[in-house]
Amino acid sequence: MRRIDYMIFYVESLARSVTFYRDVIGLDVRIEGDGYVEFAMDNTKFSLFERAKLPELIGREGGRPPCGEVGFIVDDVDAEAERLREAGAEILTGPVDRPWRERTLHVADPDGNIVEFAQRLS
């Protein structure tokens, strides 16, 4: 196993979370239906699934967020931070330079999951 095929966040309100990832983060919806929304990404699938439908899918309820983090590489973390502040995103940390040679910014989605934006530093 050398490649991640997809990542799904289980969310309380699909409509609220789609609005956040579409309108605040800036992702385009590729597929939606039956409690599931997938965003258009080049390298993997990033999706949301309505938490109330989990028993149908996996036979039980899921965990409570924050359960995970999704990270996006951007060209300018500072510009992204300004754009996200103006869009009303909850900034958790950053922008800050990290010892692993990235400048990062963390925000929370409506369910408390973590979204990181990272800019690679020279």
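**Figure 1. Surroundings of R16 in the predicted model.** Leaving aside neighbours within four places in sequence, R16 is in contact with P110 and D111. The model shown here and in the other views is predicted. The side chains of R16 and D111 are joined by a polar contact of 3.4 Å. R16 has its place in helix α1. With a relative accessible area of 39%, this arginine is partly exposed, because residues between the limits of 20% and 50% are classed in that way. Between the C-alpha atoms of R16 and V37 the separation is 12 Å, the two residues being 21 residues apart along the chain.

**Figure 2. Two hairpins that share strand β3.** β2 and β3 (residues 36-39) run antiparallel and are joined by four bridges. Two residues lie between β2 and β3 in this hairpin, and D34 in the turn has a positive phi of about 55 degrees. Within the pair, E32 has V37 of β3 as its bridge partner. The hairpin of β3 and β4 has five residues between its strands. Four bridges connect β3 and β4 in the antiparallel sense, and E38 stands opposite S47 in β4.

**Figure 3. Strand β5 and its pairing with β8.** Five bridges pair β5 with β8 in the parallel sense. The bridge partner of G71 in β8 is E116. V70 and F72 make up the covered face of β5, whereas E69, G71 and I73 make up the uncovered one.

**Figure 4. Helix α3 and its buried side.** In helix α3 (residues 77-86), the buried residues are V77, E80, A81 and L84. These residues lie on the same side of α3, because they cover an arc of only 105 degrees around the axis. An α-helix has 3.6 residues a turn, so residues three or four places apart point the same way. The cover over the buried residues of α3 includes α1, β6 (90-98), β7 (102-108) and β8 (114-120). At the start of α3, the backbone nitrogen of D78 lies within 3.1 Å of a side-chain oxygen of D76. Just after α3, G88 adopts a positive phi of about 90 degrees.

**Figure 5. The largest nonpolar core and the contacts of F117.** This core has 25 residues, and those with the most contacts inside it are Y21, I25, F46, L48, V107, V115 and F117. Two or more residues each come from β1, α1, β3, β4, β5 (69-73), α3, β7 and β8. The most is given by α1, with six residues. In soluble globular proteins, nonpolar side chains tend to be buried together. Not counting residues up to four places away in sequence, F117 touches I25, F72, V74, V77, E80, L84, R103, T104, L105 and V107. Among these contacts, V77, E80 and L84 of F117's list are also buried residues of α3.

Note on methods:
Residues numbered from 1 in each chain as written. Predicted model: local features only at pLDDT ≥ 70, side-chain atom pairs only at ≥ 80, totals over all residues. Heavy atoms only, no water. Pairing = 2+ DSSP bridges. Buried < 20%, exposed > 50% of the residue type's maximum accessible area, 1.4 Å probe, protein only. Arc of directions from axis to C-beta. Contact = heavy atoms within 4.5 Å. Polar contact = N/O pair within 3.5 Å; in protein donor to acceptor, adjacent residues only side chain to side chain. Core = buried A, V, L, I, M, F, W, Y, C linked by side-chain atoms within 4.5 Å.
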